[in-house]
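Welcome, and please load the model in your viewer. We will go from one selection to the next, with a short note on what to look for at each stop.

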Amino acid sequence: MSFFPASLIDTNGIFCSFFIVLATRKILSLKSLKEIKYKIFDASMWIIIASLFYDWALLYLIWVFIAIYIYEPKNIRNWFLPLSAFVTVALVTSAVLAIFGRLNFILDHYVFTLKLDADMFKEWSKSSATIVYLIVVIIVGVISSIKLGKSGVGRLASMRLVAISFTIGIFITLFETNLGYFPIMITFFPAAVFLTNYIEILRKPRFKELNLFVAILVPITVFIFKVLLK
């Protein structure tokens, strides 16, 4: 978070990230192949709730369908569970909004504005912290996936789902940042998973200590430089 202190004042980003993490927990637990229907429903429900803070968070439903395809695609009922979750959240949300007299919130919120103009990309290119963050996470993610590929299909499938989550989070950050927000916090959890797995695959204790030291030192250094340059 030291890389992106501005994300801490984005209330919508914080709540959206919280519910996405809850959904991630359910998605990753599908590898046990137990209570799959409940986990799919819960993951879909948390994602739809997260979309109440960022409309583009609904893109994570694609992630749910990919998880269904990986773990239990032959059960037709699994494919309809996200729809059931959508109807459930819609009914509850509509009831709450009706009580407070804000039924127009749905139409005003879910606009899915997409304006990929040149100015936005220029702003991103100036953000060294964002570029460094993306490069480091992608490199660490690729290395972790290659190493974990030897440890079993189940763990590799989980890493692929984490990678998909990170990719969707980057797209949402790209779309929503254009609207005056900076929800990059939704990518922190998958990034943390990549970094944790990378540390685990290091066999020599000295390398582990060095990587942990760098992981702590770099964000603090970047944050200090940002403060001094203001």
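Start by selecting helices H1 and H3: their axes are 11 Å apart and meet at an angle of about 5°. Because of that angle, H1 counts as roughly parallel to H3. The term roughly parallel is used for angles under 35 degrees, roughly antiparallel for those over 145, roughly perpendicular for 65 to 115, and oblique for the rest. Axes here are lines fitted to C-alpha atoms, for helices over the stretch in contact, with angles running from 0 to 180 degrees between N-to-C directions. Helices are DSSP runs of H or I with at least four residues, strands are E runs of at least two, and numbering starts at the N terminus.

Now show side chains at this contact (heavy atoms within 4.5 Å). From H1 come Ile20, Thr24 and Ile27, and they meet Tyr60, Trp63, Val64, Ala67 and Tyr71 in H3. By class, the contact of H1 with H3 has seven nonpolar residues, one polar and no charged. In this scheme Ala, Val, Leu, Ile, Met, Phe, Trp, Tyr, Cys and Pro are nonpolar, Asp, Glu, Lys and Arg are charged, and the others, Gly among them, are polar.

A word on what you have open: this is a predicted model, in which local features need pLDDT of at least 70 and side-chain atom pairs count only at pLDDT 80 or more, while totals for chains, interfaces and linings use all residues. Residues are numbered from 1 along each chain as its sequence is written, and side-chain values use heavy atoms, with hydrogens and water left out.

**Zoom out**

Colour by secondary structure and you will find 10 helices and zero strands. Of the 230 residues of the protein, 39% count as buried; buried means under 20% relative accessible area, exposed over 50%, and partly exposed in between, with a 1.4 Å probe and protein chains only. Among contacts between residues at least 6 apart in sequence, 73% join residues at least 24 apart.

**Select Tyr60 and its partners**

Which residues does Tyr60 contact, leaving aside neighbours within four places in sequence? They are Ile20, Ile47, Ser165, Ile168, Gly169, Ile172 and Ile186.

Pick Ile20 from that set. Ile20 sits in helix H1 and is buried, because its relative accessibility is 3%. Not counting residues up to four places away in sequence, Ile20 touches Ile47, Ala50 and Tyr60.

Ser165 is the next one to click, in helix H8. With a relative accessibility of 2%, Ser165 is buried too. Beyond the residues up to four places away in sequence, Ser165 touches Tyr60, Trp63 and Pro190.

**Stay in H1: Cys16**

Cys16 is also found in helix H1, and its relative accessible area of 0% makes it buried. The C-alpha atoms of Cys16 and Phe53 are separated by 5.8 Å, although the two are 37 residues apart along the chain.

**Show the core**

The largest nonpolar core has 53 residues, of which Ile27, Ile47, Tyr60, Tyr133 and Phe166 touch the most other members. Such a core is a set of buried Ala, Val, Leu, Ile, Met, Phe, Trp, Tyr and Cys residues joined through side-chain atoms within 4.5 Å. The largest share of this core, 10 residues, comes from H8. In soluble globular proteins, nonpolar side chains tend to be buried together.

**Select H2 and H4**

Helix H2 (residues 36–50) and helix H4 (residues 76–100) pack at about 40°, with axes 8 Å apart. That angle makes H2 oblique to H4. On the H2 side, the contact includes Ile36, Phe41 and Ile48, and on the H4 side it includes Arg77, Leu81 and Val89. The residues of this contact divide into 11 nonpolar, four polar and two charged.

**Last stop: the loop between H1 and H2**

Most residues other than glycine have a negative phi. Leu33, in the loop between H1 and H2, has a positive phi near 60°. Glu35 is found in the loop between H1 and H2 as well, with a positive phi of about 50°. Are these two buried or exposed? Leu33 counts as exposed at 52% relative accessibility, and Glu35 counts as exposed at 57%.
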